[in-house]
Amino acid sequence: MKKILLISTMLISLLVAAQNPQSLKSGNSGMNTFISNLMKKMTLEEKIGQLNLLTPGWGIPTGSVVSTDVEKKIKEGKVGGLFGVIGVVKIKQAQKLAVEQSRLKIPLIFGSDVIHGYKTTVPIPLGLSASWDMKLIEHSAREAAIEATADGLCWTFSPMVDIARDPRWGRIAEGAGEDPYLGAQIAKAMVKGYQGDDLSKNNTLMACVKHFALYGAAEAGRDYNTTDMSRVRMYNEYLPPYKAAVEAGAGSVMSSFNEIDGIPATGNKWLLTDLLRKQWGFKGFVVSDYTSVNEMTNHGMGDLQTVSALALNAGLNMDMVGEGFLNTLKKSLGEGKVTQKQIDDACRRILEAKYKLGLFDDPYRYIDESRTLQEVLTTQRRKEAREIAAHTFVLLKNNNQSLPLKKSGTIALIGPLANDKNNMLGTWAVSGDAQMSIPVLEGMKNVGGSSVNILYAKGANLSDDTLFAKKVNVFGTRIDIDKRSPDEMLKEALETADKSDIIVAVVGEASEMSGEAASRTEITIPESQKKLIRALAKTGKPLVLVVMTGRPLALTEENELAASILVTWHAGMEAGNAVADVLFGNYNPSGKLSATFPRNLGQVPIYYNHKNTGRPSAPNSPKFQSNYLDVPNSPLFPFGYGLSYTSFSYSDFSIDKKEMKPGEKITASVTVTNDGNYDGEETVQLYIRDVVGSITRPLKELKGFQKIYLQKGESRKITFTIGIDDLKFYNYNLQWVAEPGEFEIMVGANSDNVNKENFRLVPGK
Ligand code: NOJ
């Protein structure tokens with residue numbers, strides 16, 4: 001049977017390649033000729049068909065519409081690609097329909113949301129970003145690509161690079177946090193990881209940069225909401241990660257749901273053509289988000305035909321799920337509302353992507369069951385997922401060195417997330433199997449061994465609110481409201497705590513309390529768990545909090561009550577083992593926050609790279625300054641913050657000159673010493689401030705970082721080289737310039753703890 005399949009697969013490959021022998025030619029001219037020849041044979045309907053991306057509803061739909069008659073449409077040449085089809089068997093069936101039963105046998109492209117790992121899930125992207133480790137992030141994308149392509153996919157809807165400064169927005173979980181520089185580095189690393197050096201290899205995945213653009217700036221943190229900002233802010237603070245991903249060669253871009261300057265991104269010509277294509281030179285294709293073409297009707301842009309024409313005119317090439325292109329473009333062409341060239345251009349972009357992926361040479365390139373067996377969910381990959389996870393945890397507090405835990409005595413492991421498989425993977429883990437994940441209790445037993453006694457009690461529900469739970473539980477139980485009353489659970493927890501030497505409470509958010517359409521107006525740990533934490537603190541035993549979350553939380557109360565706080569995000573299928581590795585000191589935590597943790601929600605939006613105002617906060621004169629009456633301006637934990645079990649000191653900070661001419665470089669150096677009791681890693685951060693500018697400039701901006709490993713007692717001199725590009729910004733006229741004058745260079749352990757030196761940029765060649 002296998003043999004027959006193989007032969008028929010080979011025959012089809014030959015057939016497709018034989019449509020035009022030049023398909024085997026490499027380089028752009030080979031591709032252009034092949035596609036031109038193919039397009040000569042295509043009818044208008046077939047061209048429009050290539051612009052149609054459907055989901056047969058076998059995955060997780062993220063809107064109310066699910067595609068119908070998919071098989072029939074594939075055979076009729078009315079589908080360009082599919083997503084949400086998981087598994088090589090189903091993908092093969094669908095590809096066979098396209099290459100055996102459609103007239104021109106054009107292969108389909110298969111996409112999916114491979115967001116943080118494929119079946120071997122790693123931490124949510126916000127967690128990955130907290131590693132500040134570009135090699136690790138690139139590697140995790142590479143691993144995801146190998147695994148996903150081994151299961152038939154060739155396209156991922158990742159990376160999400162939306163800058164987010166509002167933790168109410170649930171999708172902050174899917175991005176790299178608040179900073180344009182860090183975000184840009186991560187965007188590049190992920191594109192490189194997914195796409196490798198050759199898209200046509202059977203283990204590389206085409207990236208899709210999303211959500212273009214500004215999706216993370218949704219008003220009030222409510223998903224899909226309006227965004228509105230100045231071009232200066234856009235260019236300097238929100239666009240850099242998208243641009244970096246495009247420059248790294250991302251094959252596709254997804255337009256966002258939100259509007260920009262009053263026009264939804266999906267129909268915004270300035271965005272999709274002037275900026276993306278003309279200014280940035282993007283060569284790939286642009287796909288809409290899920291029904292975002294149709295949704296422009298709700299935005300008030302007209303009926304389906306009007307908005308579909310608007311999108312094509314704007315520069316959109318592929319329509320996800322909504323079928324506005326499929327059902328209206330022919331009519332619009334007849335009525336002169338779109339041109340043949342626009343349809344041809346869009347079709348060409350899709351065909352080019354398929355060509356680059358090697359699908360015309362072999363439509364089954366990514367469909368190889370033997371690879372599925374060898375590459376998916378391997379022991380090695382799980383081992384790496386565990387290591388990756390440990391690198392993302394951020395230690396926010398560690399009084400009296402409560403951590404690491406001793407592998408002896410009795411530990412009370414308490415909390416609704418302590419023995420829970422359903423919430424380990426995190427949001428947007430569509431192909432992961434939560435039941436394969438390791439909960440913390442299991443991990444603690446694995447790592448702690450037989451000399452430590454671990455007692456468990458649930459202690460509280462994630463939330464006692466049944467209506468809230470119902471909304472969170474749309475993809476299955478995430479908030480499991482216990483049959484026992486909260487009082488009974490609390491009683492059990494206190495009895496368990498009473499028998500122990502130390503309490504570890506695993507608390508926080510259910511995985512679907514963040515992610516798409518999961519915005520919150522409170523960013524605290526739910527009240528049911530707060531009651532538990534308060535009661536545990538009252539026992540007087542040392543209290544360690546392990547906080548699982550998909551967003552920055554306001555942990556002000558917890559910070560007062562607990563001895564130690566370790567933020568672990570949602571860490572993927574190896575979460576429990578990784579948490580135990582860190583708690584028991586097998587791995588010394590090294591994560592640093594990529595998004596500010598505020599004191600309370602009222603401070604939001606709060607981010608480190610803010611401007612000064614004319615009346616900056618002044619400690620002793622609160623009236624008529626830019627302050628709050630009730631809390632300081634400073635966050636609870638700043639961007640870049642994170643502790644280690646060891647300690648690092650910074651000394652001998654200096655810069656090598658006080659004046660710099662445009663062609664020159666300045667070197668800043670600092671000595672970092674591990675003066676604590678453990679070997680460990682530190683992320684040394686470089687910030688720059690442009691003190692006087694033609695427009696107002698942020699108080700500091702991240703411009704470099706180095707993650708280093710120092711043995712206990714070891715010192716190392718770290719240097720940063722600063723060139724003219726590090727001083728540039730987009731001015732009022734959106735020109736990318738460095739303005740002569742005074743600058744500050746800051747180096748330190750986080751955005752709020754830096755050494756400072758000044759220099760002048762002087763005019764000259
Ligand atoms: C909607 C989401 O906004 C997007 O990120 C995702 O890739 C698509 N659905 C497809 O699942």
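1. Proline 605 is in the loop between H22 and strand S17 (648-655), and the peptide bond that leads from valine 604 to proline 605 is cis, with omega near 0°. Helix and strand labels here follow DSSP runs (helices are H or I, at least four residues; strands are E, at least two), numbered from the N terminus. Please keep in mind that this is a predicted model, in which local features need pLDDT of at least 70, side-chain atom pairs count only at pLDDT 80 or more, and totals for chains, interfaces and linings use all residues. Residues are numbered from 1 along each chain as its sequence is written, and side-chain values use heavy atoms, with hydrogens and water left out.

2. Another cis bond to look at runs from serine 158 to proline 159, with omega near 10°. Proline 159 belongs to the loop between S4 and helix H8 (180-195).

3. Now for backbone angles. Tryptophan 569 has a phi near 55°, a positive value in a residue other than glycine. Tryptophan 569 counts as buried because its relative accessibility is 1%; buried means under 20% relative accessible area, exposed over 50%, and partly exposed in between, with a 1.4 Å probe and protein chains only.

4. Alanine 517 also has a positive phi in a residue other than glycine, near 50°. You will find alanine 517 in the loop between S14 and helix H20 (527-538). Here the relative accessibility is 56%, so alanine 517 counts as exposed.

5. H22 deserves a look as a packing partner too. Helix H16 (residues 379-390) and helix H22 (residues 575-583) pack with axes 8 Å apart, at an angle of about 50°. Axes are lines fitted to C-alpha atoms, for helices over the stretch in contact, and angles run from 0 to 180 degrees between N-to-C directions. H16 and H22 are therefore oblique to each other, given that angles under 35 degrees count as roughly parallel, over 145 as roughly antiparallel, 65 to 115 as roughly perpendicular and the rest as oblique. The crossing of H16 and H22 is right-handed, that is, the near helix is turned clockwise from the far one by less than a right angle.

6. Next, an open sheet of six strands: the order is S11-S16-S15-S14-S12-S13 and the pairing is mixed. Strand S11 (394-398) and strand S13 (452-457) are at the edges with a single partner strand each, so one side of each has no neighbour in the sheet. From one strand to the next, the twist averages 20°. Two strands pair if DSSP finds at least two bridges between them.

7. Within that sheet, strand S12 (residues 409-414) and S14 run parallel and are joined by four bridges. Isoleucine 414 is opposite alanine 505 in S14. Is alanine 505 buried or exposed? With a relative accessible area of 0%, alanine 505 is buried. Its strand, S14, covers residues 502-508. As a distance check, alanine 505 and alanine 311 are 194 residues apart in sequence and, C-alpha to C-alpha, 50 Å apart in space.

8. There is also an open sheet of five strands, ordered S4-S3-S2-S1-S10, with parallel pairing. Its edge strands, S4 (155-156) and S10 (319-320), each pair on one side only. Inside the sheet, strand S1 (residues 52-54) and strand S2 (residues 81-83) pair in the parallel sense over two bridges. Leucine 54 has leucine 82 of S2 as its bridge partner.

9. Glutamate 46 counts as buried because its relative accessibility is 9%.

10. Finally, helix H7 (residues 134-149) has 16 residues and spans 22 Å from its first C-alpha to its last, close to the 22 Å expected at 1.5 Å a residue; the expected span is 1.5 Å times one less than the number of residues. Of the 16 residues in H7, 13 are buried, so the helix is mostly covered. At the start of H7, a side-chain oxygen of aspartate 133 comes to within 3.2 Å of the backbone nitrogen of lysine 135.

Definitions and conventions. A polar contact is a pair of N or O atoms within 3.5 Å; within protein, one must be able to donate a hydrogen and the other to accept it, and residues adjacent in sequence count only if both atoms are side-chain atoms.
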